[in-house]
Structure formats: C-alpha cells, structure tokens
Amino acid sequence: MAGHNPWPDEGNTGHIWDEDLRELDNPPPLWWMLSFYAGFIMIIFYTLYYPTIPLTNNSGEFTKGLTGWTAIEEYKEDFQVLKDWRVAKFADKEEQLAAMSVADILKDDELKQYAVATSKVLFGDYCAACHGAGGAGNPNFPVLADDDWLWGGNVAQIEASIKNGRIGNMPARGMMGNLTDEEIDSVTDYVIALSEGKGNDAAFAAGKAVYAKGMCLACHGPMGKPLAPAGAANLTDQVWRFSSDREQIRNVIANGVNVKKNGEYIEGTRQAIMPAFKERLPNADVNVKRLAVYIHQLGGGQ
C-alpha cells in the first residue's frame, strides 16, 4: 500500500503489504554476487573452449573452440577404450573362435554361450532387417527360429549359407515350362493338400499327376519332402516360404523364383536372394562362425 512508512530507516523500498510485510533493499550476500559473476566468466570460458557459435556464411560451420573438442570424438575415444578392454579380457575366447570349427564350438558349452552372447548385436545389425528380431522372420523372408531349413540346418550348413549366400531357384510352370493354366490350378490344390496331409485323397489325383508331369518331385521329392537340403521347400509341413495364400502359391508355381528372361526378371516371379556375408561382415572369419552358432541356437538347428 502507498502511504506512511513506519520503518523509514531500515532500508525498505516503501512497498508495504498486510500491515508489516515489506520489500527490503539490502544488497545480495557476497557469496551470491561472486557466484553470479563467476557464471559470466564460465560463459566466456565455454564459448572460447568448446565449439559454440554458428557462422553466418551458410556453410553449416561453427567456431571449433580452442581445443577442437567434439562429443563424437570423445565417444570414439571412450569406445576405443571399451574395445581395447574387451580385446584384453576375451582375447583367449576370440582366439578359440578363430581356430575351432563351428561343430567344435558347439561342443564347448562355455565357448558356445560366449558366441551366442556376443552375436546378438551382430545379428541385429546384419540379419534382423530381413529375418526379424530373434529370427522370427519378416514377411517374405525365412523364419530362423523354427526347424524348417531350405539349405540344411546343421551348423556347418548354416555357416555355409551365411558365408556364401543363397540364390533361390524354381522354374516357372514346371521343369519343362509347359504346364497349362488348368494344370497349374490342379497342382496348386494338390500342393496345398500335401501340406494338410491329404495328398493321397482321390480328389487330388489329377494334381498329383501334374506334380509328376511337371517334375516337381525332382526337387521336392515324390511325396513333397525334398530328398536333400538344396533350397527346395518341404511341402508337407505347412511352412511356406512366401505365403500360405492359394493365389500366392499358384503364382510361385506359375512364375517360379528368380526366373529371368533376357537378363530381366519375368513378371510375377518371386525374388529370393541371400547375399554372401564373407565380405560384408567385419572380421568375417570369426563373425560368420559366431552368427552360425547363434542362429543354430535360435530354436531349430539340427
């Protein structure tokens, strides 16, 4: 309130509320003032020492600071310290991984556990984009966590797949390429019946005959089970490489997998290519083995 000031000599500002609540005009404590000025000094120090001020020449550049420090360089230095520590701590196990075969690694429980534990990030970086987290599979890519293998599921076969890659191969319209649309419909129904355990039903006899005529049995075996792991799918287990939808199955039979004409993929053919990782992975000689053991342990390794 404005008016008479009952405390004219105490250094208040004359602003008085609620009879005696008033605003004083005392100087701040010395420690507070020193801290205040020290803050300004630190601003100047940080501005000079660290990268700070954007330049106005549209170059995206900025003042580099007296020492050229950057967060990314500090990260790299700290990460190198971590890598050096890992190398020192696990050097013996890394040497064992390099020297032993994947089959021998599986027999050594401690080394196997080490390979699995050190593969999770590697799998996430190089494999999960196609095969999903934990090998659960993404659409149109194989699941690695089951026991269905196109190229064989023992650890040496898995290692070969990772190292050298795989290229799917299925001819369009049968081995001779001469199946009619009606025959494709018939063999499609027979293949679906095989997956449901109904391959011997009389209703699918015509499709069974087309299966033989089209030489499907050459790769998929006379009863829908491949005689050897060479990229052909098992048609009896309800695990589908691309889709269980009838039209998708029919499309694969009609247009095949990786079928080219004049160097170009034909319309409708499915593409199934796994790249070779022997030159893609860092330290591939060891990391291919590491991944092979990890994938073998996901649940379906033979």
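How many residues of domain 2 are in contact with how many residues of domain 3? Ten residues of domain 2 are in contact with twelve of domain 3, where contact means heavy atoms within 4.5 Å.

Before I go on, some ground rules. This is a predicted model, in which local features need pLDDT of at least 70 and side-chain atom pairs count only at pLDDT 80 or more, while totals for chains, interfaces and linings use all residues. Residues are numbered from 1 along each chain as its sequence is written, and side-chain values use heavy atoms, with hydrogens and water left out.

Now the domains. The assignment for the protein chain gives domain 1 as 1-69, domain 2 as 91-167 + 276-296, and domain 3 as 181-271; such bounds come from an automatic or database domain assignment. The centres of domain 2 and domain 3, taken over C-alpha atoms, are separated by 29 Å.

I will start with helix 12, residues 284-296. Helices here are DSSP runs of H or I with at least four residues, strands are runs of E with at least two, and both are numbered from the N terminus.

Helix 12 is mostly covered, with twelve of its 13 residues buried. Buried means under 20% relative accessible area, exposed means over 50%, and partly exposed is in between, using a 1.4 Å probe and protein chains only. Among the buried residues of helix 12 are Asn-287, Lys-289, Arg-290 and His-296. What do the buried residues of helix 12 pack against? They pack against helix 2 (71-99), helix 3 (102-107), helix 4, helix 5 (120-126) and helix 7 (155-164).

Two packed helices are described by the angle between their axes and the distance between the axes. The axes are lines fitted to C-alpha atoms, for helices over the stretch in contact, and the angles run from 0 to 180 degrees between N-to-C directions.

Helix 4, residues 109-117, packs on helix 12 at an angle of about 95 degrees, with the axes 8 Å apart. That makes helix 4 roughly perpendicular to helix 12; the cut-offs are under 35 degrees for roughly parallel, over 145 for roughly antiparallel, 65 to 115 for roughly perpendicular, and oblique for the rest. From helix 4, Lys-112, Tyr-114, Ala-115 and Val-116 meet Arg-290, Val-293 and Tyr-294 of helix 12. By class, the residues of this contact are five nonpolar, no polar and two charged. Ala, Val, Leu, Ile, Met, Phe, Trp, Tyr, Cys and Pro count as nonpolar, Asp, Glu, Lys and Arg as charged, and the others, Gly among them, as polar.

Also in helix 4 is Glu-110. Glu-110 counts as exposed, at 52% relative accessibility.

Helix 2 packs on helix 12 at about 85 degrees, with the axes 9 Å apart. Helix 2 is thus roughly perpendicular to helix 12. Glu-94, Leu-97, Ala-98 and Ala-99 of helix 2 meet Val-286, Lys-289 and Arg-290 of helix 12. That contact has four nonpolar, no polar and three charged residues.

Next, helix 8 (residues 181-195) and helix 9 (residues 205-213), which pack at about 105 degrees with their axes 8 Å apart. These two helices are therefore roughly perpendicular to each other. The residues of helix 8 in this contact include Glu-183 and Tyr-190, and those of helix 9 include Lys-208 and Tyr-211. The classes are six nonpolar, two polar and three charged.

Is Thr-188 buried or exposed? Thr-188, in helix 8, is buried, with a relative accessible area of 0%. Leaving aside neighbours within four places in sequence, Thr-188 is in contact with Arg-246, Ile-249, Arg-250 and Ile-253. Ile-184, found in helix 8, is also buried, at 0%.

Last, backbone angles. Most residues other than glycine have a negative phi. Asn-140, in the loop between helix 6 (128-131) and helix 7, has a positive phi of about 75 degrees. Asn-140 counts as partly exposed, at 34% relative accessibility. Asn-258, in the loop between helix 11 (246-255) and strand 4 (260-261), has a positive phi near 60 degrees. At 13% relative accessibility, Asn-258 counts as buried.
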